[in-house]
Amino acid sequence: MRPDALNGVCPYYTMYPLNFPLRVLKEHGKRGDWVIDPFCGRGTTNFAARLLGLPSIGVDSSPVAVALAKAKLVSAEPAQVVASAKTILKAAKEPTSFPSGEFWRLAFHERTLTRLCQLREALLDECSTSTRILLRAIILGALHGPRPKRAPSYFSNQSPRTFAPKPNYAVKFWAARGMRPDDVDVLSIIKTRAERYLAEPLPDVEGKVDLGDSRVAETFSDTPKARFVVTSPPYYGMRTYLPDQWLRFWFLGGPDFVEYSQPEGQLKHSSSAFFATEMGRVWKNLASRMTLGARLVIRYGGINDRAVEPMDVLKESLVDSGWRIVTTRSAPDSDRGRRQVRQFLSKPKKAITEYDVYCHLA
Ligand SMILES: C[S@@+](CC[C@H](N)C(=O)[O-])C[C@H]1O[C@@H](n2cnc3c(N)ncnc32)[C@H](O)[C@@H]1O
């Protein structure tokens with residue numbers, strides 16, 4: 001078992017490889033340095049900080065990201081997580097809400113969906129303990145994905161794992177192939193995953209993850225002064241964080257259908273200049289929360305449907321932000337085909353290089 005197993009508890013598209021924040025913090029971090037990620041996604045930076053014994057803060061405006069990132073900072077034994085799921089299911093009554101329609105009928109077996117609804121309602125009611133936070137992340141990771149030849153490891157009918165299937169497309173896909181959802185053993189999937197992701201004890205390190213908007217200065221008002229920001233903001237044009245995670249969002253209390261409108265709290269992509277201004281607000285907010293000698297390290301790239309040079313957008317966002325660029329390098333991991341954008345394009349077009357940009361407080 002690897003000590004980094006927990007980082008893989010659930011995919012989050014546009015996640016960056018653990019190696020990136022690990023490398024930065026290993027090279028420059030010292031005991032006691034606080035680390036902030038204002039766009040923390042699934043909490044890769046927070047997890048890297050934890051592995052190195054550094055305290056950290058994560059902020060994201062997506063509830064899915066926050067549920068996953070919180071799990072990166074807590075500990076529980078696999079048996080505790082399984083016992084917690086068993087207790088919930090044993091005590092559960094008929095779920096009060098049960099999604100209906102063709103998509104739900106084909107996505108999950110009725111018995112599986114009943115259990116998922118029961119777990120959902122119990123975790124919506126109370127999810128403050130480490131055990132429940134980990135149980136929730138494990139369920140999110142198992143919610144949808146491919147059907148393996150061996151024992152099932154996801155609850156759903158055949159689906160992508162990184163992003164949720166779109167209902168109309170999925171129904172056509174399943175119907176055309178006669179694919180019916182399996183009656184899977186929910187507890188056994190949870191047990192296998194708990195044993196996989198929680199096998200290695202991890203250090204207990206201070207830190208927290210908040211649901212919040214990093215453009216708002218108050219979001220950081222009670223964070224300790226930090227020495228590092230290691231982060232990756234949304235790439236300009238990439239605006240589908242919640243719609244593409246709609247099933248996981250449903251499990252966290254969201255609607256049982258896809259909502260395409262741009263949610264509050266996400267950077268607005270109306271023009272590259274506006275986007276740069278919004279991103280700049282985040283850099284400014286952070287500049288006032290840092291210790292002397294602080295560093296900001298940003299991984300940034302682009303998506304193919306925007307005729308804008310990503311580095312121009314990022315450079316513009318850093319003007320008058322309190323930060324000064326000292327080094328820019330092309331991201332080593334992107335050369336190995338592990339680019340964030342690949343996670344959600346089935347046939348990626350020609351890759352746009354990603355950059356790691358190192359800044360000092362001006
Ligand atoms: C590129 S992803 C970060 C991925 C992360 N590095 C990881 O490894 O999982 C960018 C994140 O920024 C979040 N985000 C967008 N606008 C935000 C805002 N105004 N405040 C906080 N988070 C925001 C999105 O929800 C998304 O999770």
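1. Which of the 25 residues around the ligand come nearest? They are Y12, R42, T44, D60 and G265. The model is predicted, and the remarks below should be read with that in mind.

2. An oxygen atom of the ligand lies 3.0 Å from a backbone N or O atom of Y16. G265, one of the residues that come nearest, places a polar backbone atom 2.8 Å from a nitrogen atom of the ligand. For Q266 the side chain is involved: one of its polar atoms is 2.9 Å from a ligand oxygen atom.

3. On burial, the ligand taken alone exposes 610 Å². The protein buries 100% of that area.

4. A separate point concerns two helices, α6 (residues 110–125) and α7 (residues 130–142). Packed helices in general are described by the angle between their axes and the distance between those axes. Here the angle is about 145° and the axes are 11 Å apart. The crossing of α6 past α7 is left-handed.

5. Which residues form the contact of α6 with α7? From α6 come L116, L119, A122 and L123, and they meet R132, L135, R136 and I139 of α7. By class, six of the contact residues are nonpolar, two are charged and none is polar.

How values were computed: Residues are numbered from 1 along each chain as its sequence is written. This is a predicted model: local features need pLDDT of at least 70, side-chain atom pairs count only at pLDDT 80 or more; totals for chains, interfaces and linings use all residues. Side-chain values use heavy atoms; hydrogens and water are left out. Axes are lines fitted to C-alpha atoms, for helices over the stretch in contact, and angles run from 0 to 180 degrees between N-to-C directions. Helices (H or I, at least four residues) and strands (E, at least two) are DSSP runs, numbered from the N terminus. A crossing is left-handed if the near helix is turned anticlockwise from the far one by less than a right angle, and right-handed if clockwise. Contact means heavy atoms within 4.5 Å. Ala, Val, Leu, Ile, Met, Phe, Trp, Tyr, Cys and Pro count as nonpolar, Asp, Glu, Lys and Arg as charged, and the others, Gly among them, as polar. A residue is near a molecule or strand if one of its heavy atoms lies within 4 Å of it. A polar contact is a pair of N or O atoms within 3.5 Å; within protein, one must be able to donate a hydrogen and the other to accept it, and residues adjacent in sequence count only if both atoms are side-chain atoms. Accessible areas come from the Shrake-Rupley method with a 1.4 Å probe; for residues, only the protein chains shown count as cover.
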